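Hi everyone, thanks for coming. Let me put the model up on the screen, and then we can walk through it together.

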Amino acid sequence: VQKLLDGTEVFASDGSIIPAQSLQAKARAADIAAGRAAAGVAFAVGRRMGNWQVEAEYTWRYRTDWDVVAATDSIQTITNVFSNVETGSLMLNLARRGVISENWAWEIGAGAGLVYNSVEATYIERAVPGMRDEMRFKDDGTESSFSYNAFVGVTRALSGPWTLNVRYRYIDLGDLEAGPF
């Protein structure tokens with residue numbers, strides 16, 4: 001028990017004692033392996049006027065990140081934090097285009113609009129046998145805020161009015177808040 005109280009060891013879920021340094025290394029490896037998965041899709045409609053384009057764009061994205069398992073020496077147990085974030089943004093963008101070749105063009109632009117973030121988060125302090133039960137805290141919330149973005153990219157003319165855009169974008173997706181943890 002003395003080793004547990006001075007923070008060098010913690011209990012595993014089966015009651016065995018595991019060195020805290022081993023748990024911290026495993027938590028870092030699991031965090032890296034998780035890869036911060038994200039998926040999204042965007043659609044835009046707009047009007048081109050010479051070298052300028054105005055577009056309304058909707059982007060949806062879903063992230064499963066901040067899934068952390070960590071040894072928490074101050075409370076002598078393992079702490080888990082799991083969260084998923086769904087984000088949607090509606091932007092009005094202005095872009096300037098320049099010709100590279102017959103079907104290719106470069107573009108640079110900026111925009112402003114609204115963003116919403118829906119967060120599902122769970123914080124878990126694992127049970128310590130003989131000391132305390134497992135504690136779980138859950139917080140879900142949705143917030144909307146102002147958003148802006150800047151981008152640069154290339155476009156490829158397809159058939160008719162269709163184009164394919166590949167962009168590098170900086171976008172402010174607002175603040176995320178998930179519970180008191």
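Here is something to think about while you look: which residues are linked in a network of salt bridges? Keep in mind that this is a predicted model. The answer is Glu-55, Glu-57, Arg-97, Glu-107, Arg-167 and Arg-169. Across the whole structure, a search turns up eight salt bridges.

Arg-167 and Glu-55 make a salt bridge through their side chains, at 2.8 Å from N to O. Arg-167 sits in strand E8 and Glu-55 in strand E4, so this pair ties together parts that are 112 residues apart in sequence. Are the two partners buried or exposed? Glu-55 is buried, because its relative accessible area is 3%, under the 20% cut-off. Arg-167 comes out as partly exposed, because its relative accessible area is 22%.

Now the next pair. Glu-57 and Arg-169 form a salt bridge, and their closest N and O atoms are 2.8 Å apart. Here too distant parts of the chain are linked, with Glu-57 in strand E4 and Arg-169 in strand E8, 112 residues apart. Glu-57 counts as buried, because its relative accessibility is 4%. Arg-169 is partly exposed, at a relative accessible area of 25%.

The last pair I want to show is Arg-97 with Glu-107, whose side chains meet in a salt bridge at 3.6 Å, N to O. Arg-97 belongs to strand E5 and Glu-107 to strand E6, and they are 10 residues apart. Both Arg-97 and Glu-107 are buried.

On to the pockets. Rolling a probe the size of a water molecule over the atoms shows where empty space is left. The largest pocket holds about 540 Å³ of space. Its lining has 18 residues, and those nearest the centre are Ala-44, Val-45, Glu-55, Thr-163 and Asn-165. By class, the lining of the largest pocket splits into seven nonpolar, four polar and seven charged residues.

The second largest pocket has a volume of about 250 Å³. It is lined by 13 residues, and Thr-59, Trp-60, Arg-61, Arg-169 and Ile-171 are the closest to its centre. Two or more residues of this lining come from each of E3, E4, strand E5 (77-99) and E8. In this second lining, six residues are nonpolar, four polar and three charged.

Methods
Residues numbered from 1 in each chain as written. Predicted model: local features only at pLDDT ≥ 70, side-chain atom pairs only at ≥ 80, totals over all residues. Heavy atoms only, no water. 1 Å grid on protein atoms, 1.4 Å probe; cavity = no way out; pocket = protein on both sides within 12 Å on 5 of 7 lines; lining within 4 Å. Points joined across faces, edges and corners; volume = space filled by probe spheres on them. Nonpolar A, V, L, I, M, F, W, Y, C, P; charged D, E, K, R; others polar. Helix = DSSP H or I, 4+ residues; strand = E, 2+ residues; numbered from the N terminus. Salt bridge = Lys/Arg side-chain N within 4 Å of Asp/Glu carboxyl O. Buried < 20%, exposed > 50% of the residue type's maximum accessible area, 1.4 Å probe, protein only.
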